[in-house]
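Hello,

Here is the structure I promised to pass on to you. Please open it first, and then read my notes below alongside it.

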Amino acid sequence: MSKQTHSFQAEVAQLLHLVTHSLYSNQEIFLRELISNASDACDKLRFEALNNAGLYEDAPNLEVRVAFDKAAKTLTITDNGIGMSEQEAIDHLGTIAKSGTKDFMSRLSGDQKQTASEQGQLIGQFGVGFYSGFIVADRITVESRRAGLPAEQGVRWVSGGTGDFEVESINRPQRGTSVILHLRDDAEEFLNAWKLKSVIAKYSDHISLPILMEKEEWKDGENDQPGEMVKTGEWEAVNKASALWTRPKKDITAEQYQDFYKAISHDHENPLTWSHNRVEGNTEYTQLLYIPAKAPFDLWNRDKKAGVKLYVKRVFIMDDAEALMPTYLRFVKGVIDSSDLPLNVSRELLQESRDVRSIREGSTKRVLSMLEDLAKHDSHAAGEGADGVTDVVSEEDKAREGKYSQFYAEFGAVLKEGLGEDFGNRERIAKLLRFPSTTTDTVTISLADYKARMKEGQEAIYYITADTLAAAKNSPQLEVFKKKGIEVLLMADRVDEWALNYLHDFDGTPLQSVAKGAVDLGKLQDEAEKKAAEEAAESFKPVLAQLKEALKDKAQDVRVTTRLVDSPACLVTTEDGMSTQLARLLKQAGQQAPDTKPVLEVNPEHALVKKLEGSVHFHDLAHILFDQALLAEGGLPEDPAAYVKRVNALLM
């Protein structure tokens with residue numbers, strides 16, 4: 001094939017600038033990305049060779065080589081992995097963040113195709129990470145040949161990272177890929193063996209493949225010339241070439257754990273915490289699990305594949321093994337390496353395997369334990385203990401202060417999904433939840449905290465759900481609770497209404513929505529109040545009957561309430577009914593919601609309600625009362641124009 005010029009996909013020019021100047025602000029990260037891609041290409045070859053050992057050709061030992069040429073100012077990263085064909089180079093290297101995996105699987109046929117597709121997404125050979133090479137290079141040359149193709153079907157891809165790239169056929173005897181970076185003047189520090197080895201040790205020491213570099217030795221200068229390091233032609237491994245999770249914990253530093261997290265998650269921040277354990281018993285596996293510090297932008301996309309990396313006997317199997325971690329813990333990153341699963345395990349088998357269920361349960365419990373530990377140490381202060389001795393806060397405890405609050409701000413709403421998804425761990429999840437309340441706007445109140453300071457005679461944990469914290473805090477349904485100094489939890493996450501359907505009590509104390517059913521404060525309401533309420537309801541019966549008739553198309557019932565102090569009316573639902581807020585959320589999501597009518601509760605002591613009796617504008621006032629109650633809880637009148645018209649008529 002003669003040399004051909006192709007244009008990048010339309011978005012590449014803008015994205016390339018973002019990748020090289022914003023996403024990768026740390027120059028040396030490019031080497032981590034390119035070595036990671038090389039390792040992925042070897043993983044892909046190992047997987048495909050399970051059914052076609054001939055793909056190894058005459059080089060069964062997989063490896064990555066890093067070489068530099070000071071004279072030519074080039075740095076080359078070479079792997080003997082799966083490689084690319086000419087068309088794959090055009091498709092994959094001309095598109096930002098495109099993985100070759102989808103096409104890789106679509107080429108397989110029959111039983112092999114089914115097995116591979118069940119494996120799910122392997123890490124793509126080239127994604128955004130490939131373009132990080134342009135941080136240090138003004139031109140990149142890629143030479144590659146796909147395993148199984150003849151030598152003359154090699155391909156060379158060249159680009160300066162601007163608007164286009166060139167592709168031509170070459171003769172390449174060895175399979176795999178070489179990425180040749182033509183370094184800029186300000187990146188010449190990477191033409192130094194010591195620098196390269198230090199970067200590899202920092203970011204890629206965990207790679208289970210050997211990363212090789214040419215040995216160098218010192219040669220004295222002649223004729224008054226300075227001495228220099230010269231290459232010997234012998235290659236040596238510069239990484240430990242052992243998976244980090246297989247090494248003893250005592251041999252791994254915190255920095256190595258953090259660097260490994262960044263390598264597998266492509267996150268640039270350190271994780272909040274991690275847990276590294278070897279589990280033995282009926283099912284044997286190693287787990288290295290991380291809690292990130294920041295939520296990804298697609299956290300709420302439940303259709304996106306998420307999960308930990310699965311290895312079997314240190315052989316990479318799949319990138320997003322969602323069967324090993326419940327959906328509500330989809331933010332967890334890490335590695336699980338099983339000794340019991342077969343190498344050709346499929347996603348279908350993962351769903352059915354008893355071993356997988358055991359791993360999933362063990363990993364879930366481990367993550368919850370990590371969160372419980374963070375919550376336990378979320379705030380510490382040195383003070384005098386019960387024995388009169390001043391407690392000393394350790395440096396380790398100080399380091400964990402505030403981390404659970406940070407976690408909850410990012411992932412608390414997702415954690416709540418576990419109330420409906422994980423019945424076995426519901427109580428543990430409930431203890432981890434935090435809320436604002438009528439006593440504080442900060443999300444710090446646990447259900448245990450609330451219960452510990454309940455008023456004497458209080459028999460329920462009271463809460464209210466709303467679209468926003470402001471709407472919850474200012475709801476008229478809270479008026480009697482504020483008057484009596486009863487704390488109410490404020491819930492403004494979209495998931496709250498759904499999740500609370502699965503949590504009926506906490507540690508034996510029922511949870512009660514203040515917006516459901518008639519208000520019953522039990523022992524907190526004295527006999528005089530109850531008697532006054534009954535008398536008001538009796539004397540107000542004629543007006544209630546008229547209201548029911550006027551609002552028969554909108555309200556299921558109209559009744560007198562004791563929950564209101566300053567407001568004329570509010571809307572509530574029956575104990576077993578769907579709240580108006582949840583109905584709105586379902587409709588906004590395009591789902592069908594049952595057509596339920598709320599109950600209108602009125603405050604007989606309010607001037608506007610008293611004005612109803614004998615009013616010639618009774619019908620209009622009744623509808624205004626209802627619509628205002630709907631507005632107060634974040635809803636909208638069914639006919640806003642009619643509402644405005646009624647208000648205007650009464651104002652004139």
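A helix here is a DSSP run of H or I with at least four residues, and helices are numbered from the N terminus. With that in hand, please keep in mind that this is a predicted model.

Let me start with helix 8, which covers residues 254-265. Its 12 residues reach 16 Å from the first C-alpha to the last, close to the 16 Å expected at 1.5 Å a residue.

Next, have a look at leucine 244, in the loop that runs between strand 9 (228-237) and helix 8. Leucine 244 counts as buried, at 4% relative accessibility. Beyond its neighbours within four places in sequence, leucine 244 has contacts that include Gln256, Tyr257 and Phe260, as well as His276 and Leu288. Leucine 288 is 44 residues away from leucine 244 in sequence, yet their C-alpha atoms are 9.2 Å apart in space.

Now for the charged pairs: the structure holds 35 salt bridges. In one of them, the side chains of lysine 73 and aspartate 185 meet at 2.2 Å, N to O. Lysine 73 sits in the loop between strand 2 (64-69) and strand 3 (74-79), and aspartate 185 in the loop between strand 7 (176-183) and helix 7, so this pair ties together parts that are 112 residues apart in sequence. Lysine 73 is partly exposed at 23%, whereas aspartate 185 is exposed at 59%.

Another salt bridge joins arginine 428 to glutamate 372, with the closest N and O atoms 2.9 Å apart. Arginine 428 belongs to helix 14 (residues 426-432) and glutamate 372 to helix 10 (residues 354-376), so parts 56 residues apart in sequence are tied together. There is also a network of salt bridges linking Glu28, Glu189 and Lys195.

Finally, how many disulfides does a search of the whole structure find? The search finds zero. As for individual cysteines, cysteine 42 is buried, with a relative accessible area of 0%, and cysteine 570 is buried with 1%.

Enjoy exploring!

Best wishes

Key. Residues numbered from 1 in each chain as written. Predicted model: local features only at pLDDT ≥ 70, side-chain atom pairs only at ≥ 80, totals over all residues. Heavy atoms only, no water. Helix = DSSP H or I, 4+ residues; strand = E, 2+ residues; numbered from the N terminus. Expected span 1.5 Å × (residues − 1). Disulfide = S-S within 2.5 Å. Buried < 20%, exposed > 50% of the residue type's maximum accessible area, 1.4 Å probe, protein only. Contact = heavy atoms within 4.5 Å. Salt bridge = Lys/Arg side-chain N within 4 Å of Asp/Glu carboxyl O.
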